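Dear colleague,

I am handing over the structure we spoke about, and below it you will find my notes on what turned up in it. Please read them beside the coordinates.

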Amino acid sequence: MLRQPIGNHARNESMTHAPNSLAAKDIAYNLHGYTNWVLHRDKGPLLITGGENIYVFDDEGNKYIEGLAGLWCVSLGFSEPRLVKAASRQLELMPFSHNFAHRATEPVIELAEKLVGMAPEPMAKAFFVNSGSEAVDSAIRFVWYYNNARGRQKKKKIISRLRGYHGVTVAAGSLTAIPMMQKDFDLPREGFLHTDTPHHYRHAEPGESEPAFSRRLAQSLDQLIEEEGADTVAAFIAEPVMGAGGVIVPPEEYFEQVQAVLKKHDVLMIADEVICGFGRTGNLWGSQTFNIRPDMVTCAKQLSSGYLPIAALMISDALYEVIAENSRTHGAFGMGYTYGAHPVSAAVALETLNIYEERDIVAHVRQVSKTFQSRLQNLSQHPLVGQARGIGLIGAVELVANKETKDQFDPSVKAAQVVADRSQANGLIVRGLTGDAVAICPPLIIEKKQIGDLFDRFERALDEAESAIGGKSA
Ligand SMILES: Cc1ncc(COP(=O)(O)O)c(C=O)c1O
């Protein structure tokens, strides 16, 4: 049942919370990721109590378009009954069994077969875990194990890009090259290297074309590998479109140029498809959109439409054969997660993939993304917007204090947060990111009319933000 909005999104931000209210208890007991803990004591939570289609509701009855699909994950919206049924069916049948020591369950086997069959490049097998971070962490461990098995004990370093986001375990967090996420966490650890951000708008030389910029970045990568010694560099990891680092769409020829360098130095390519996987860019995989030919693929989020935690690492046959032999040598492949390959999560993921196929979600994304991208591009006319960029159903605007010089706002202005706050006040949830980018990444089921509504709200938010911060330059 669709609850009607009763609020006008003017939430009670009175900074006081009734004793024993959920908000007060949240402040008292609950620690939040990616949150200013001191500010949270005053501000309290935005308490989400329900959802329907592309909308969510808060505890005051306000209705929002979830313009970030939760955290880039709820592809099928917040009320897909088939996913609820798949979970409850599996809970009744077999709520838990694991995947260690030759054990298996039906939904996991079926999911593995289906996922491997959908892979962007021929993959041999899938290894299931609980989160994108664990999938990336596993990829690193597989790479190290593989190179040890091949007698290449020195070939261990992993390269990611500055502003890349790959999760938060100690190893994945070493690849997440965003300052706030590494500072004071003692990251990155040794053996993790960072190369350039493929952000043409910000980092191209005057007059430099996209292909020329890509060539320069590939040369820089080549130089990094040579300086480190190719015999010490094992793998390169990249998101097809950088997500949390600011929705940075790669420039023309980028992955072709980069992969030529990787091939030359026998460095593995890991495609981190945690955001791009399952239709986001207008193909099933971001790798297909950008000509990436990975040796390993990580995926999560839209794998289960975010309904339950599940993620996967897929590996090529060449890797599998070497790793399998090494597991025999050691008596077993010595890692795994209790809840990796959870049968309930797997049942939901399997149903999600079935729905994508039956409804041809990729065709839908291609269809509605024309409207999405054209409304997004219109935003580049706005005085606060330096660049509007995107592909498929993902996009961002990069806010600038001066459109001519591309000068950024002083960090104290918190420009992206102001736009995100004004969006929320207009009934739209978006996310302010590093580099003053504001991301939009709605559920894949969004319809054209809803896209129009989303951008109408976002334009109002930008206008209001301009009144609040416009002219306060760097
Ligand atoms: C590309 C990418 N990789 C890895 C992760 C980490 O996933 P999780 O938050 O599920 O650990 C994310 C999360 O946003 C991501 O965007």
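**A serine in a helix**

Ser133 lies in helix α6, where helices (H or I, at least four residues) and strands (E, at least two) are DSSP runs numbered from the N terminus. Please bear in mind that this is a predicted model, in which local features need pLDDT of at least 70 and side-chain atom pairs count only at pLDDT 80 or more, while totals for chains, interfaces and linings use all residues. Residues are numbered from 1 along each chain as its sequence is written, and side-chain values use heavy atoms, with hydrogens and water left out.

At 14% relative accessibility, Ser133 counts as buried, a word that stands for under 20% relative accessible area, with exposed meaning over 50% and partly exposed in between (1.4 Å probe, protein chains only). The side chain of Ser133 reaches the backbone nitrogen of Val168 at 3.0 Å; this is a polar contact, that is, a pair of N or O atoms within 3.5 Å, of which, within protein, one must be able to donate a hydrogen and the other to accept it, and residues adjacent in sequence count only if both atoms are side-chain atoms. When neighbours within four places in sequence are set aside, Ser133 is in contact (heavy atoms within 4.5 Å) with His166, Gly167, Val168, Thr169 and Ala172.

**The seven-stranded sheet**

Helix α6 (residues 132-149) lies across β4, β5, β6, β7, β8 (268-272), β9 and β10, and runs at about 25° to β10; axes here are lines fitted to C-alpha atoms, for helices over the stretch in contact, and angles run from 0 to 180 degrees between N-to-C directions. These strands belong to an open sheet of seven, in the order β4-β10-β9-β8-β7-β5-β6 and with mixed pairing, where two strands pair if DSSP finds at least two bridges between them. The edges are taken by β4 (125-129) and β6 (192-195), each with a single partner strand, so one side of each is left without a neighbour in the sheet. On average, and with direction ignored, neighbouring strands of this sheet are turned by 20° against each other.

Strands β5 (residues 157-161) and β7 (residues 233-238) run parallel and are joined by three bridges, and Lys157 has Val233 as its bridge partner in β7. Helix α11 (residues 254-264) lies across β5, β7 and β8, at about 170° to β7. Further along, β8 and β9 also run parallel, joined by three bridges, with Thr298 in β9 as the bridge partner of Asp272. By contrast, β9 and β10 pair in the antiparallel sense over four bridges, and there the partner of Cys299 is Ala312 in β10.

Ser304 lies in the loop between β9 (296-299) and β10 (311-315), and with a relative accessible area of 1% Ser304 is buried. The side chain of Ser304 reaches the backbone oxygen of Leu308 at 2.7 Å. Not counting residues up to four places away in sequence, Ser304 touches Leu83, Ile310, Val348, Ala349 and Thr352.

**Cores and domains**

The protein chain is divided into domain 1 (22-79 + 363-469) and domain 2 (82-358), with bounds that come from an automatic or database domain assignment. Their C-alpha centres lie 26 Å apart, and 35 residues of domain 1 are in contact with 34 residues of domain 2.

A nonpolar core is a set of buried Ala, Val, Leu, Ile, Met, Phe, Trp, Tyr and Cys residues joined through side-chain atoms within 4.5 Å. The largest one has 66 residues, and those with the most contacts inside it are Leu115, Leu303, Leu399 and Phe458. Helix α14 (residues 343-358) gives the largest share of this core, eight residues. Both domain 1 and domain 2 give residues to this core, so it lies between them. Apart from it lies another core, of 33 residues, among them Leu221, Ala238, Val261 and Ala437.

**The four-stranded sheet**

Four strands form an open sheet in the order β1-β2-β3-β13, again with mixed pairing. Strand β3 (residues 63-66) pairs with β13 in the parallel sense over two bridges, and Ile65 has Leu428 as its bridge partner in β13. Helix α17 (residues 448-469) packs on this sheet, touching β2 (55-58), β3 and β13, and its direction makes about 105° with that of β3.

With best regards
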